Amino acid sequence: MENISVLQLGKNAKAVETILAAASPKAKNDALAAIADALIARTDEILAANAKDLEAAQANHMSKAMQDRLLLTPQRIAGIADGVRKLISLDEVVGKVEEGFVRPNGLRIQKTRVPLGVIGIIFESRPNVTVDAATLCLKAGNCVILRGGKEAFSSNVCLTNVMREALAASGLPADAVQLVMDPTRESANALMKLSGYLDVLIPRGGAGLIRVVVENATVPVIETGTGNCHVYVDASADLAMAVDIINNGKTQRPSVCNAVESVLIHRDVAAVLLPMLKAKLDEHSVVLHGCEGTAAILGECVIPADDADYATEYLDYQLAVKLVDSLDEAMAHIKQYGTRHSECIVTRSLENAERFQREVDAAAVYVNASTRFTDGGEFGFGAEIGISTQKLHARGPMGLAELTTVKYLINGSGQIR
């Protein structure tokens, strides 16, 4: 791709927007199949580009967890391609009639799904997002302008070129997928203010990125991603289950937004649970930041926690721990520090479970299950563009339907008002 201005990218997208919106399901699916095949065929080329990014990451002392977000392997590329192929099997959303009715005057009204139009995605060092976001937008009939982080620049350029060439070969316009080639802050600011060209902007990344986008964008924004997720272990909890849920939520993949960052433990079970939990987390060298009660049980291995620790999305092998006296105190803590992403209670009490799910304000609220399930694939949506933590337009995993809006189609026979 040429290094052209963000404004020109917007003009390019608008020029082909109608073509994408009108593309048949077969045309879009053929393009997706071509992209999946090209990813596999050009794996060596993609890995070579990714190696440049990894070399720079190591030179810049990027954390191992963040390097894992950046890393591509043959297996991960195959997984990305498989994800694209799964999109083909998903039901078409464009043109779906949500509801239809006939008014007393004979007007026939149909509420119908249509593409959003041109979507901008600003994301950080996860090159798989480049393909996931582009192909999801394509399946939903949208053009997309991608702006990745400089850490994954070489990977993103290669992946975007692969997709654009596959699109062109399949008969759809290459400009349906474009990448901002300038990784500086100026290009991000320009994308945030691309009014008249972008229909919506979706930031995917840490709290800092999302805050900057929300505060500076003049185009509509859907907030996604920031996940200061909690597990509250109730006094009645199955403690072995609690250990498994916390360990999975923290260590299965700590660098993602649905990983557990804080654990709240009812004081009545802390003396038994904390040694069990520490023994399990020690297998992954998890660093604990805890309150005085936590330190009194586990000793000097606990780093004293303050408000900043409880507000932190670590995205690493670190965990904040606090002892609480009640469900109410746990929910108050979540209200103060949570990011409305995913929250969990481990309990045998039906009353406490129902209260927790009713009163905790988050996109996904779990009883006795890992927060790692907050994912489009795990929810059966097939794929997602991100996890929305806001309440307007979409909330939770954003699948194909959330990348569309509605249009009312009205048919009459000469009615006037």
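The legends below describe close-up views of a predicted model. Local features are taken at pLDDT of at least 70 and side-chain atom pairs at pLDDT 80 or more, while totals for chains, interfaces and linings use all residues. Residues are numbered from 1 along each chain as its sequence is written, and side-chain values use heavy atoms, with hydrogens and water left out.

**View 1. Helix α2 and its surroundings.** Helices (H or I, at least four residues) and strands (E, at least two) are DSSP runs numbered from the N terminus. Helix α2, residues 25-41, comprises 17 residues and spans 24 Å from its first C-alpha to its last, close to the 24 Å expected at 1.5 Å a residue, the expected span being 1.5 Å times one less than the number of residues. Its buried residues (under 20% relative accessible area with a 1.4 Å probe, protein chains only) are K28, N29, A31, L32, I35, A36, A38 and L39. The elements covering these buried residues of α2 include α3 (43-59), α5 (74-89), α6 (128-139) and α7 (153-170), where contact means heavy atoms within 4.5 Å.

**View 2. The crossing of α3 and α7.** The axes of α3 and α7, which are lines fitted to C-alpha atoms over the stretch in contact, with angles running from 0 to 180 degrees between N-to-C directions, come within 7 Å and cross at roughly 160°. That makes α3 roughly antiparallel to α7, a term used for angles over 145 degrees. On the α3 side of the contact are E45, I46, A49, N50, K52 and D53, which meet F153, S154, S155, C158 and L159 of α7.

View 3. Two strands are said to pair if DSSP finds at least two bridges between them. Strands β1 (residues 97-102) and β2 (residues 108-115) run antiparallel and are joined by 5 bridges, with E99 standing opposite K111. These strands form a hairpin with 5 residues between them, and G106 in the turn has a positive phi of about 95°. Strand β2 is also joined by 8 bridges to the antiparallel strand β16 (residues 404-411), in which I410 is the bridge partner of I109.

View 4. An open sheet of 4 strands has the order β5-β4-β3-β6, with parallel pairing. Since β5 (177-179) and β6 (200-204) stand at the edges with a single partner strand each, one side of each is left without a neighbour in the sheet. Strand β3 (residues 118-123) is joined to β6 by 5 bridges, and I119 has V200 as its partner there. Helix α7 packs on the sheet, touching β3, β4 and β5, and its direction makes about 155° with that of β5. Helix α1 (residues 6-22) lies across β3, β4 (143-147) and β5, running at about 150° to β4.

Definitions and conventions:
Buried means under 20% relative accessible area, exposed over 50%, partly exposed in between (1.4 Å probe, protein chains only). Angles under 35 degrees count as roughly parallel, over 145 as roughly antiparallel, 65 to 115 as roughly perpendicular and the rest as oblique.
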